[in-house]
Amino acid sequence: MSPQILDNALGAVGHTPLIRLDKIAASKGLKCNLLGKVEFMSAGGSVKDRIAKAMVEAAERDGKLIPGKSVVIEPTSGNTGIGLAMACAIKGYSVIITLPNKMSLEKEALLRALGAEVVRTPTEAAWDSPESHIGVAKRLRREIPHSIILDQYCNVNNPLAHEYTTGPEIIEAVVSTPSTSSRPSTEKVDVMVAGAGTGGTITGISRAIKRTHNKDCIVVGVDPKGSILAFPDTLNAADEGAQYIVEGIGYDFIPDVLSRDPTHVDVWVKSSDEESFAAVQTLMRSEGLLVGGSSGSSLSGALRWLVTAEGQKVANTPGKNVVVLLPDGIRNYMSKPWFLQIAMEGEPSHLAGIIAQALQKP
Ligand code: PMP
């Protein structure tokens, strides 16, 4: 995009960079290119800005929203809510977000700062119980006049937003970066790795890549241990009922967006909190990328897949492009104990002694 004056912040949704993760690739002995799609650089700070904008604009086209009157209600793990609250602040709709307790204080504070009401719900409530974030949203919808749930779990504009924007941006970046002798590239997206919550991101990107660019691209889905989105179900069985701290990925039901189109994911891997948060630390310390927890899940899932038999063929081929989706930023999680742990831990730096010596001098 050439520099220009934008009408409002929604013009700065998406258009995120694809960044080489060379140091991580080298440390893992990968010969392929490892590339991160860095979504925290979108206006609202996550990949979900794209669907919030698309769902609001579609509802407006359908005449379902009236400025000053409509109340947009949405159950979310936070990021869709932030995107919706941003869009609705600009356009003049009220917003109520139902948010499971486990989601960070930073997300609630951001939502409130954007003028949204936030209703917290018990994390352990099953998705179809009246107490869950989905159940409470439906109850509010029935009681509040002029209210509407745009429903990211079913809304076709969720995967479409990624088919029309995220996917094409990835393809364009890969295609328009020519192969050189020092940086070989197939100029194709050979592997795409992303986590799934609603499944909209992975479904939409997969459709864009397979339909318009490379039908042989291998799409790898990442699902936290304790969630049931992975296929075949035997992958989920080992950790049935396990709790996970990572936010935004994993569910106890398969959203319509994902079940409508399950063939768009070729292979699933399971991720653990421990591996995810360690991978966030690596992304920050070696690549300088201020990414959130589920970005660590994407990276650790990618590295897990790259050591499988099929993955090794890619890992050992110079020029193959493996794209890892990094959905949001660490500023969503700074009050979380896991962040403080990965921020503070580590060997004392070589500067510690020098600082101590320097400060001893009068
Ligand atoms: N990571 C984070 C931090 C998210 O908020 C979400 C959205 N729930 C995802 C990953 C997964 O995206 P999707 O809903 O498109 O599968």
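Visitor: How are residues numbered, and what pLDDT do local features need?

Guide: Residues are numbered from 1 along each chain, as its sequence is written. This is a predicted model, in which totals for chains, interfaces and linings use all residues, side-chain atom pairs count only at pLDDT 80 or more, and local features need pLDDT of at least 70.

Visitor: Into which domains is the chain divided?

Guide: The bounds come from an automatic or database domain assignment. Domain 2 covers 47-149, and domain 1 covers 9-41 + 179-326.

Visitor: How many residues does each domain bring to the contact, and what separates the centres?

Guide: Two residues are in contact if their C-beta atoms, placed from the backbone, lie within 7 Å. The centres of the domains, taken over C-alpha atoms, are separated by 26 Å. The contact takes 14 residues from domain 1 and 16 residues from domain 2.

Visitor: On the side of domain 1 that touches domain 2, how many residues are nonpolar, polar and charged?

Guide: Here Ala, Val, Leu, Ile, Met, Phe, Trp, Tyr, Cys and Pro count as nonpolar, Asp, Glu, Lys and Arg as charged, and the others, Gly among them, as polar. On that side of domain 1, the residues divide into 6 nonpolar, 5 polar and 3 charged.

Visitor: Which residues touch the most other members of the largest nonpolar core?

Guide: A nonpolar core is a set of buried Ala, Val, Leu, Ile, Met, Phe, Trp, Tyr and Cys residues joined through C-beta atoms within 7 Å. A residue is buried if 20 or more other C-beta atoms lie within 10 Å of its own, exposed if 12 or fewer, and partly exposed in between, with C-beta atoms placed from the backbone. The largest core has 57 residues, and those touching the most other members are M192, V193, A302, V322, V323 and V324.

Visitor: Are the faces of strand β7 buried or exposed?

Guide: Helices (H or I, at least four residues) and strands (E, at least two) are DSSP runs, numbered from the N terminus. In a regular strand the side chains alternate between the two faces of the sheet. In β7, residues 191-195, V191, V193 and G195 lie on one side and M192 and A194 on the other. Both faces are covered, and these residues are all buried.

Visitor: Which residue of β10 stands opposite M192?

Guide: Two strands pair if DSSP finds at least two bridges between them. Strand β10 (residues 321-326) runs parallel to β7, joined to it by 3 bridges. Leaving aside neighbours within four places in sequence, M192 has contacts that include I205, I209 and V323. The residue of β10 opposite M192 is V323.

Visitor: In β8, what is the bridge partner of G195?

Guide: β7 and β8 (residues 218-224) pair in the parallel sense over 5 bridges. With helix α7 (residues 200-212), these strands make a right-handed β-α-β unit; right-handed means that, with the strands pointing away from the viewer, the path from the first strand over the helix to the second runs clockwise. The bridge partner of G195 is V222.

Visitor: What is the bridge partner of P100 in β5?

Guide: Strands β4 (residues 94-100) and β5 (residues 117-121) run parallel, joined by 5 bridges. Between them the chain passes through helix α4 (residues 105-113) in a right-handed β-α-β crossover. The partner of P100 is T121.
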